[in-house]
Each structure stands twice: as C-alpha cells, then as structure tokens.
Amino acid sequence: MGLPWVRLDTNFAQNPKILYLIEDKKYRAIVAYISGLGYAGAQGTDGFLPKACLPVIHATRTDAKHLVEVGLWVESIGGWEINSWDEHQQSNEETQLRKKRAREAAMARWHGD
C-alpha cells in the first residue's frame, strides 16, 4: 500500500497549466489530475497512471490528452507519468521504509528491545 496522503501545492490554482485548462473550460481534466495524484499515492505507483485507472480517477482519454498537452502528465508505455512526481511526492520506497521504522519503534516502545 502506498501513501495515505499526497502533497498539493497551495498555489495549485494559480499554476499556469491549471489556468490554461480553466480558460478552455476543461474542468474534468483538473479533477482527473487531482484524482490521479491520489490514485498514484494510494497505489504506490510513484506517479505512474495505467490506462486502466481512468474510470477510477473519473477521467477519459480526452482528459488525459488535455493533461499531456499542458504538461501535467507525460505519455508513457501503458499509461501516463505525473510530471515531476518525484520532485514533490515521497517515493513508495521512502513510504515503506518510514512505515517499517514506525512499526519497529512502536514494537520497541511497547515490547522492549
């Protein structure tokens, strides 16, 4: 299992890429982008979105095309990569390591060495 949360920049609404989508009334693509962040975080995909996840994130191929056009997603074999995921989100490996350390600390705290 992946992240229980993802980071969303507080300036998200002012991002020029989002503003382009708003200007063109492509609101579904914005919802798909945010839902895609959640999907990738929850599934531990490190920003990869398989084509099969589109219905789950309330998106269509047209929405994906719009996200690629503005540079929020990058086409990849079998789906898309969320652009700059690794710059803004914790990797799945980091998440799993953090969870492991937390479990070990809890065990030590409650059960001794």
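**Sheet, helices and core in a predicted model**

In this predicted model, three strands form an open sheet in the order S1-S3-S2, with antiparallel pairing.

Q: Which strands stand at the edges of the sheet?
A: The strand order is S1-S3-S2. An edge strand here has a single partner strand, so one side of it is left without a neighbour in the sheet. The strands in that position are S1 (48–50) and S2.

Q: Which residue in S3 does Leu49 stand opposite?
A: S1 and S3 pair in the antiparallel sense over three bridges. Across this pairing, the residue of S3 opposite Leu49 is Trp80.

Q: What is the bridge partner of Glu75 in S3?
A: Strand S2 (residues 73–76) and strand S3 (residues 79–82) pair in the antiparallel sense over four bridges. Two residues lie between these strands in the hairpin, where Gly78 takes a positive phi near 85°. In S3, the partner of Glu75 is Trp80.

Q: Which strands does H3 touch as it packs on the sheet?
A: The direction of H3 makes about 115° with that of S2. The strands that H3 touches are S2 and S3.

Q: Which element gives the most residues to the largest nonpolar core?
A: This core has 23 residues, and those with the most contacts inside it include Leu21, Leu67 and Trp73. Helix H1 (16–23), helix H2 (27–43), H3 and S3 each give two or more residues to the core. With seven residues, the element that gives the most is H2.

Q: Are H1 and H3 parallel or oblique to each other?
A: In H1, Lys17, Tyr20 and Leu21 meet His66, Leu67 and Val70 of H3. The two axes come within 9 Å and cross at roughly 135°, and the crossing is right-handed. An angle of over 145 degrees would count as roughly antiparallel. The orientation of H1 and H3 is therefore oblique.

Q: Is His66 buried or exposed?
A: His66 lies in helix H3 (residues 61–70). Leaving aside neighbours within four places in sequence, His66 is in contact with Leu21, Lys26 and Ala29. The relative accessible area of His66 is 13%, and the cut-off for a buried residue is under 20%. His66 is therefore buried.

Definitions and conventions
Residues numbered from 1 in each chain as written. Predicted model: local features only at pLDDT ≥ 70, side-chain atom pairs only at ≥ 80, totals over all residues. Heavy atoms only, no water. Buried < 20%, exposed > 50% of the residue type's maximum accessible area, 1.4 Å probe, protein only. Contact = heavy atoms within 4.5 Å. Pairing = 2+ DSSP bridges. Core = buried A, V, L, I, M, F, W, Y, C linked by side-chain atoms within 4.5 Å. Axes fitted to C-alpha atoms, helices over the stretch in contact; angles between N-to-C directions. Parallel < 35°, antiparallel > 145°, perpendicular 65-115°, else oblique. Left-handed = near helix turned anticlockwise from the far one by under 90°.
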